[in-house]
Amino acid sequence: MMEVFDSLPEGTLIQLIENNLVMSPAPTDRHQWIVIEIGAELRNFIKATKKGTVRVSPYDVYFDNENVFQPDITFISNGRKHLIRENGLHGAPDLIIEILSPATAKYDLNEKKAVYECYGVTEYWVVDPADNSTNGFYLVQDEYHEFFKGTGVIESKLLGWKLDFVAESL
């Protein structure tokens with residue numbers, strides 16, 4: 001499947017999950033607002049602290065030949081910048097934030113979370129736009145432990161960064 005994935009046009013909203021091509025519709029307006037809000041705040045913090053770099057979807061993260069994801073927000077520390085290539089990141093980033101969508105939530109909460117855990121993504125956040133709930137997971141001895149559960153807050157243990165947000169609604 002990797003050959004098919006690599007042959008797709010740039011910007012295709014598709015992920016390779018457990019060697020299956022999974023297409024997604026364009027995100028909802030609320031989803032995009034949350035990505036921009038969190039992504040911009042995180043980028044400003046990272047730019048000020050010079051801890052690394054931030055990418056937002058669509059941006060391919062290659063874990064192996066069966067798993068290439070497009071996380072909503074990705075933080076890559078200075079120590080992992082060598083993993084960045086022209087076509088995306090080849091290896092685990094330090095932090096991933098996923099905004100749940102009806103079409104992809106089951107992947108974000110199950111298959112993708114398991115891959116993030118297996119490949120050593122240190123911190124993983126899930127934001128549910130339906131109720132602004134947030135869940136933070138931190139990797140301890142190769143296993144995720146939920147260390148935060150709240151509403152409208154992301155408080156990164158890895159970065160020492162906190163964001164309070166309220167998702168706009170139409």
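Colleague: What relative accessible area does Glu18 have, and how do I read that value?

Modeller: Keep in mind that this is a predicted model: local features need pLDDT of at least 70, side-chain atom pairs count only at pLDDT 80 or more, and totals for chains, interfaces and linings use all residues. Residues are numbered from 1 along each chain as its sequence is written, and side-chain values use heavy atoms, leaving out hydrogens and water. With a 1.4 Å probe and protein chains only, buried means under 20% relative accessible area, exposed means over 50%, and partly exposed is in between. Glu18 comes out at 41%, so partly exposed.

Colleague: What is the phi of Glu18?

Modeller: Most residues other than glycine have a negative phi, and most peptide bonds are trans. Glu18 has a positive phi, near 50°, and lies in the loop between β1 (14-17) and β2 (20-23). Helices (H or I, at least four residues) and strands (E, at least two) are DSSP runs, numbered from the N terminus. Lys50 also has a positive phi, near 55°, in the loop between α2 (29-49) and β3. Lys50 counts as exposed, at 64% relative accessibility.

Colleague: Which residues does a cis peptide bond join?

Modeller: Ser57 and Pro58, with omega at about 0°. Pro58 is placed in the loop between β3 and β4 (61-64).

Colleague: Which residues of helix α4 are buried?

Modeller: In α4 (residues 111-119), Lys112, Val115 and Tyr116 are. Their arc around the axis is only 100°, which puts them on the same side of α4. That arc is taken from the directions from the helix axis to the C-beta atoms. Gly120 follows α4, with a positive phi near 90°.

Colleague: How do I read strand pairing around β10, and which way does β9 run relative to β10, parallel or antiparallel?

Modeller: Two strands pair if DSSP finds at least two bridges between them. β9 (residues 95-99) and β10 run parallel, joined by 5 bridges; in β10, Val127 is the bridge partner of Ile99. β10 and β11 (residues 133-140) run antiparallel, with 6 bridges, and Tyr124 stands opposite Phe137 in β11. β10 and β11 form a hairpin with 4 residues between them, and Asn132 in the turn has a positive phi of about 60°.

Colleague: Why is β10 described as largely enclosed by the rest of the structure?

Modeller: Because 5 of the 6 residues of β10 (residues 123-128) are buried.
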